[in-house]
Amino acid sequence: MLLLAAVAAGCGGGRAQPSFHEVARAPRRLVMWLESEGIDAGSAGMLQLAGVDEVVQRRGVIDVAGQAPVLRLDPVSKAEGAIPVGIALEVRGARPGLDRAMADAVWRGIESELDGAIPAELILDLPHLTEGLDQFVADLVEVSGLVVTPVLSFEQLQEEYGIKVARAARTCLVPAFGTDGMDLRGVGELDPLPLEKKLAPLVGTGVRVRLAIVLRPRTEPPLHGPGEDLNPLTEGMTTTVSTSSTLDRTFIFEKELTWSGRSWGPGDRLAVRWMDANRLNAALQEIHRLTLPEVAGWDLVPLPDQTEGLGLGRDALLRYLGGEGPEPEVQVQVTREGRSLRVILSNPSPFSTAVSSFGNWVQVSVDTGRLVADDPGTFDRVAVGSAQGGRWRQGGVDAVDAVRFNEIYLAPGETVTSGVVRMPTNRSAAVVRWHMMLSDGTELSGQVEP
């Protein structure tokens with residue numbers, strides 16, 4: 001798995017040891033951002049076992065527009081356990097002339113609210129850059145004795161002020177992947193450029209970069225609280241799925257449904273953007289391919305809620321970090337009695353396929369003779385056609401030697417069973433093929449000969 005491979009590479013993995021002339025790169029770190037409720041000691045231990053080096057809590061806003069800083073800190077529950085805890089603050093009112101006295105006042109104000117606790121680092125979200133902000137960051141590093149990490153967007157790194165701030169801190173955090181318009185600003189800036197092009201201004205500066213991946217799903221209209229899994233939306237022709245969407249997919253309701261604490265009726269539209277394990281894996285692969293600037297690690301924002309069903313849930317995330325997935329575990333079982341055949345498709349894993357109207361299917365075919373099938377069972381659709389020459393052609397009356405059962409979305413833990421397929425004779429040999437699409441564009445396929 002990707003993360004384990006990265007660890008092995010960092011430990012040498014059979015490569016020649018560096019000579020005394022070479023400078024070893026600092027290890028890459030995995031940082032997990034928390035919601036305001038914190039975590040208990042048991043959860044902290046599970047995160048550490050999954051490779052998480054630090055957790056971060058958002059604490060509010062520092063306003064430096066006036067002569068004295070104004071701190072508005074939000075209450076948060078304690079992050080228990082032995083895992084290091086950093087804090088994140090948004091800086092508002094940035095202006096020229098922020099001197100060492102302001103940095104000292106800011107740190108004294110923060111320190112007074114921490115009850116003697118020393119954070120692992122201080123993350124500063126800097127939505128507005130100005131002259132002299134780099135010196136303010138350098139002063140804050142000195143007066144606090146902490147690592148100070150600025151959050152800078154791709155577009156900010158195209159500016160002189162952004163590069164100066166990054167140089168002053170020597171490391172910066174850049175929102176790079178995941179859902180935009182949610183937890184961190186700037187996700188998706190400078191698209192469709194590849195990551196290395198977006199970060200090109202940092203090459204040669206000596207700045208190490210952390211890349212942030214936003215995991216929280218986004219919906220339009222917004223949901224109140226954690227969303228449920230997408231599966232109820234794709235079952236029983238409840239919705240029509242459209243790729244012409246303001247986000248990733250739009251679900252147009254055909255029937256009434258209560259989903260994610262809200263009642264939906266015919267004609268209602270729900271646009272969704274979500275991260276799953278395949279998209280997270282694709283993002284981490286692109287990060288690992290980056291050679292310059294040097295990667296200091298990656299931040300996952302935020303740790304999903306225990307009950308999160310929409311997107312990447314906590315169990316799936318921790319199991320992925322532990323080496324499982326990211327693809328679903330596709331199991332196909334065939335039962336047959338005489339001329340009657342059924343197919344059972346299951347996914348016992350916490351990972352899912354993409355939402356695809358025609359990309360997820362199980363196909364039954366014969367070399368000769370005619371198949372009969374008109375019941376989808378618990379699949380979403382059934383279609384008959386021909387698969388001669390290895391190419392599917394739906395419909396037709398002259399040759400019906402294949403049948404496809406489509407499943408728009410194979411959910412975590414889901415099992416679906418086809419309707420009966422009537423074979424030409426008791427002795428007819430069948431071939432069962434399956435194909436699944438994943439959200440990163442990967443295709444999974446296999447074959448069973450009952």
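1. Which residues of helix α5 (residues 160–169) are buried? In this predicted model, they are Gly 162, Ile 163, Val 165, Ala 166 and Ala 169. Seen down the axis of α5, these buried residues fall within an arc of 160°, so they line one face of the helix.

2. Just after α5 comes Arg 170, with a positive phi of about 75°.

3. The second largest pocket has a volume of about 500 Å³. It is lined by 24 residues, and those closest to its centre are Ala 176, Phe 177, Gly 178, Asp 191 and Met 275. Two or more lining residues come from each of β7, α6 (195–198) and α8 (277–289). Of the elements, α8 gives the most to this lining, with six residues.

4. By class, the lining of the second largest pocket is made up of 11 nonpolar, eight charged and five polar residues.

5. Is Ser 263 buried or exposed? Ser 263 counts as exposed because its relative accessibility is 57%, where the cut-off for exposed is over 50%. Ser 263 sits in strand β13 (residues 262–264). Leaving aside neighbours within four places in sequence, Ser 263 is in contact with Leu 257, Thr 258 and Asp 268. Thr 179 lies 84 residues from Ser 263 in sequence, and the two are 25 Å apart in space, C-alpha to C-alpha.

Key:
Residues are numbered from 1 along each chain as its sequence is written. This is a predicted model: local features need pLDDT of at least 70, side-chain atom pairs count only at pLDDT 80 or more; totals for chains, interfaces and linings use all residues. Side-chain values use heavy atoms; hydrogens and water are left out. Helices (H or I, at least four residues) and strands (E, at least two) are DSSP runs, numbered from the N terminus. Buried means under 20% relative accessible area, exposed over 50%, partly exposed in between (1.4 Å probe, protein chains only). Contact means heavy atoms within 4.5 Å. The arc is that of the directions from the helix axis to the C-beta atoms. On a 1 Å grid over the protein atoms alone, a cavity is a set of points where a 1.4 Å probe fits but cannot get out, and a pocket is an open set with protein on both sides within 12 Å along at least five of seven lines; lining residues have an atom within 4 Å of a point. Grid points are joined across faces, edges and corners, and a volume is the space filled by probe spheres set on the points. Ala, Val, Leu, Ile, Met, Phe, Trp, Tyr, Cys and Pro count as nonpolar, Asp, Glu, Lys and Arg as charged, and the others, Gly among them, as polar.
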